[in-house]
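Please look over the sequence and the structure below before reading on.

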Amino acid sequence: MLPSSSSYSNGYLGNGSSSEKRLNTSTKDRFKRGGGGGIRVPSNKETPPPPCTEFDKAYFQSYSHVGIHEEMIKDRVRTDTYKAAIEQHHASIEGKVVVDVGCGTGILSIFCALAGAKRVYAIDASEIAIQANEVVKANKLSHKVIVLHGRVEDVEIPEGVDVIISEWMGYMLLYESMLGSVITARDRWLKPGGLILPSHATLYMAPVTHCDRYSESIDFWKNVYGIDMSAMLPLAKQCAFEEPSIETITGENVLTWPFVIKHVDCYTVTIRELESITARYRFTSMMQALFHGFAFWFDVEFSGPAIFPSNNQTQSLVGSTASSDIPSPGSSQRKKRAKCDEVLVLSTAPEEPPTHWQQTLLYFYEPIDVKQDQVIEGSVTMSQSKENARFLNLHLEYSSGGRSFVKESVLR
């Protein structure tokens with residue numbers, strides 16, 4: 001049952017400078033880490049949360065602006081898939097306790113409440129939590145949805161939860177490192193056998209050709225109103241291609257079948273596992289074209305606990321036997337998913353309807369001319385920046401046609 005404290009009169013617990021300001025003494029005693037059944041980790045006293053850095057504060061502040069939430073909610077692929085997943089898992093949500101990690105405006109929390117959840121803890125460290133609470137009140141759901149303004153690592157709830165829902169994915173899947181907060185919520189509160197939505201994620205990469213983009217950014221300088229501005233080319237390449245670019249491409253830009261960099265099982269993944277990821281890849285070009293760089297995208301699935309195959313970081317998706325969960329030659333991701341109608345998938349692949357995530361492109365300064373069946377191989381390492389763990393350091397090694405290259409970049 002909900003505590004009867006007046007702190008719950010509107011379902012909102014603001015983030016004061018101390019927990020005493022958020023809760024009165026009697027209620028605070030009930031909000032201990034480890035309360036409720038099936039909690040997996042010791043109390044807060046034994047496992048102190050990581051400090052909230054200045055970078056974290058700036059990150060949370062960025063989500064206080066309404067524009068970013070408007071963009072996400074208007075992404076119908078994203079929002080409709082989450083709504084459909086909640087409806088599909090109605091039996092696991094009805095009468096159960098839910099935690100919404102990074103609730104934003106509270107839309108997913110409200111979806112869960114309308115699906116029959118007994119109680120929803122809507123957690124957000126951004127000031128948008130204040131508006132989320134007003135949205136909850138306006139929809140007369142304060143008796144079900146409790147807005148907690150603070151980090152998942154800091155807030156306290158008095159019971160184990162049955163469901164965790166979160167829209168944690170960033171560009172290139174892991175940018176912003178929000179998955180770590182989902183893992184923390186899982187380890188603190190999720191009951192054994194509980195549901196996590198989304199449950200699994202897969203990060204892909206593939207070589208791409210994109211002559212229009214290169215021409216638009218680089219070749220433009222060769223003739224500007226009849227003036228030779230080729231002297232601008234080195235700077236133009238640096239400014240256009242030094243860092244990853246977020247843009248939309250199509251399946252026609254992709255030169256090969258994609259390679260799986262990382263599978264993530266949200267039921268078992270650890271925070272340390274995400275600190276650095278390295279994968280070796282090998283592609284075979286399906287056409288003759290200019291090879292301009294690599295594209296990265298992801299899928300997430302909304303299913304119950306399952307065992308994914310271990311990450312195969314040396315397997316080629318081209319010219320080798322691929323496991324059933326990895327796209328293989330002669331098949332497409334769309335065909336693969338059609339075999340599992342019961343599993344909802346949110347995809348940001350180039351051949352799927354576009355989303356606000358688009359795709360992440362890492363361009364070369366100079367394109368490479370590849371022939372049909374030419375091998376492209378190398379390795380990619382993604383690691384959390386030591387400067388700011390929400391940034392991604394990228395180290396890319398690639399070889400083709402007897403030439404080898406290295407590109408380093410930061411997604412920030």
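Leaving out residues up to four places away in sequence, D56 touches P51, R151 and R390, where contact means heavy atoms within 4.5 Å. This is a predicted model, in which local features need pLDDT of at least 70, side-chain atom pairs count only at pLDDT 80 or more, and totals for chains, interfaces and linings use all residues. Residues are numbered from 1 along each chain as its sequence is written, and side-chain values use heavy atoms, with hydrogens and water left out.

D56 belongs to helix 3. Helices (H or I, at least four residues) and strands (E, at least two) are DSSP runs, numbered from the N terminus. With a relative accessible area of 11%, D56 is buried; buried means under 20% relative accessible area, exposed over 50%, and partly exposed in between, with a 1.4 Å probe and protein chains only.

Helix 3 spans residues 54–62, and its buried residues are D56, Y59 and F60. Viewed down the axis of helix 3, these buried residues fall within an arc of 95 degrees, so they line one face of the helix. The arc is that of the directions from the helix axis to the C-beta atoms. The face of helix 3 turned away from the buried side carries the exposed residues E54 and Q61.

The next stop is a group of parallel strands. Strand 3 covers residues 119–124, and six of its six residues are buried, so strand 3 is largely enclosed by the rest of the structure. R119, Y121 and I123 point one way from strand 3, while V120, A122 and D124 point the other way, and all are buried.

Strand 3 pairs with strand 2 (residues 97–101), and the two run parallel, joined by five bridges. Two strands pair if DSSP finds at least two bridges between them. V101 has I123 in strand 3 as its bridge partner. Between strand 2 and strand 3 the chain passes through helix 7 (residues 107–114), and this β-α-β crossover is right-handed. A crossover is right-handed if, with the strands pointing away from the viewer, the path from the first strand over the helix to the second runs clockwise.

Helix 7 holds S109. Is S109 buried or exposed? At 0% relative accessibility, S109 counts as buried. Apart from neighbours within four places in sequence, S109 is in contact with D100, C103, V120, A122 and V145.

The chain gets from strand 3 to strand 4 through helix 8 (residues 128–138), in another β-α-β crossover that is right-handed.

Strand 2 has a parallel pairing with strand 5 as well, over four bridges. In that pairing V98 stands opposite V163 in strand 5. Strand 5 (residues 161–166) is mostly covered, as six of its six residues are buried. Four bridges join strand 5 to strand 6 (residues 190–197), and these two run parallel. I165 stands opposite L197 in strand 6. Strand 5, helix 9 (residues 179–189) and strand 6 make a right-handed β-α-β unit.

Strand 15 (residues 392–400) pairs with strand 16 in the antiparallel sense over nine bridges. Within this pairing, E397 has V406 in strand 16 as its bridge partner.

The last figures concern the protein as a whole. Its secondary structure comes to 12 helices and 16 strands. Of its 412 residues, 53% count as buried. Among contacts between residues at least 6 apart in sequence, 76% join residues at least 24 apart.
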